[in-house]
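Visitor: Please show me the model, and then let us go through the terms that are applied to its residues.

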Amino acid sequence: MTTAPNWLAGRLKNDAGSGLPKYLQLRKAISDAIADTTLTESEKLPAEEVLVKMSGFSLGTVQRALSVLVDDGLLTRKQGSGTFVADKEAPMRAPFYHCKFLDEASGEILPIYSRILGRTVVTGTGAWSDHLRGDEHVCIERIFSINNEFDVYTRAYIVRGVFPLLDDSPLDALSGVNIKELLEREYRRPATRFSEKLSVSVFPPAVCKLLKLPKGSAGATLDISAFDRRGEAVYFQSLSIPPNPRKLVVS
């Protein structure tokens, strides 16, 4: 457990006037501490009662923040031992909804290890802008390692300013996040309908480089538009999937 003085208080003070609910202020403070390595991989967090004293928040607020961080993949809970900073190689906690790679011998879904590449504001047009409203969008780029066997390059687009947690959270907090689950949990915007398009083509050189493929390699591209109950698009996601020996199940 970190021996630094109350590393939490200063971070919470910075966000006190942010307008964020208290549990999200605490979530951000802890995720920031993980991002700057004040809290290190596999480190045990203080007990919930200690976090209550450190933060000045209620036990319910502390428990809710920790639960969200577990769902985000930043923390893990070990029964009888406490709460720990997740191993960076821990798989995404929630299964990826849109496509699953199977081990045909066992029928088990292969784990996905997610790594953040970057987040940019996009003002141009593309496949995403055919579905998402607004002139500015946020693109979150990640690499999904499928069972540490091969990589899938993903880009997720949202309308800028609509989902602040995706706009403003530290990048490390986005590595293992399941966007569909987060939008339902934090914003009550469940995706209830999906439009999916699967195509095969030569990847752009930049994608080949990211996936460590020879220039001119071909693969599959899965484009997904997610819509809420009102029929409004909440996110657009594109996956670049290289040739691989695993069975792909699209749902």
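Guide: I109 is placed in strand β4, residues 108-109, where strands (E, at least two residues) and helices (H or I, at least four) are DSSP runs numbered from the N terminus. This is a predicted model, in which local features need pLDDT of at least 70, side-chain atom pairs count only at pLDDT 80 or more, and totals for chains, interfaces and linings use all residues. Residues are numbered from 1 along each chain as its sequence is written, and side-chain values use heavy atoms, with hydrogens and water left out.

Visitor: Why is I109 called partly exposed?

Guide: Buried means under 20% relative accessible area and exposed over 50%, with partly exposed in between (1.4 Å probe, protein chains only); the relative accessible area of I109 is 45%, so I109 is partly exposed.

Visitor: Which residues does I109 touch, not counting residues up to four places away in sequence?

Guide: I109 touches K100, F101 and L102, contact meaning heavy atoms within 4.5 Å.

Visitor: Why is N148 called exposed?

Guide: N148 has a relative accessible area of 51%, and therefore counts as exposed. N148 lies in the loop between β6 and β7, and its phi is near 60 degrees, a positive value in a residue other than glycine.

Visitor: What makes a set of residues a nonpolar core?

Guide: The set consists of buried Ala, Val, Leu, Ile, Met, Phe, Trp, Tyr and Cys residues joined through side-chain atoms within 4.5 Å. The largest such core has 30 residues, of which F101, I146, V152, L166, L183 and Y235 touch the most other members.
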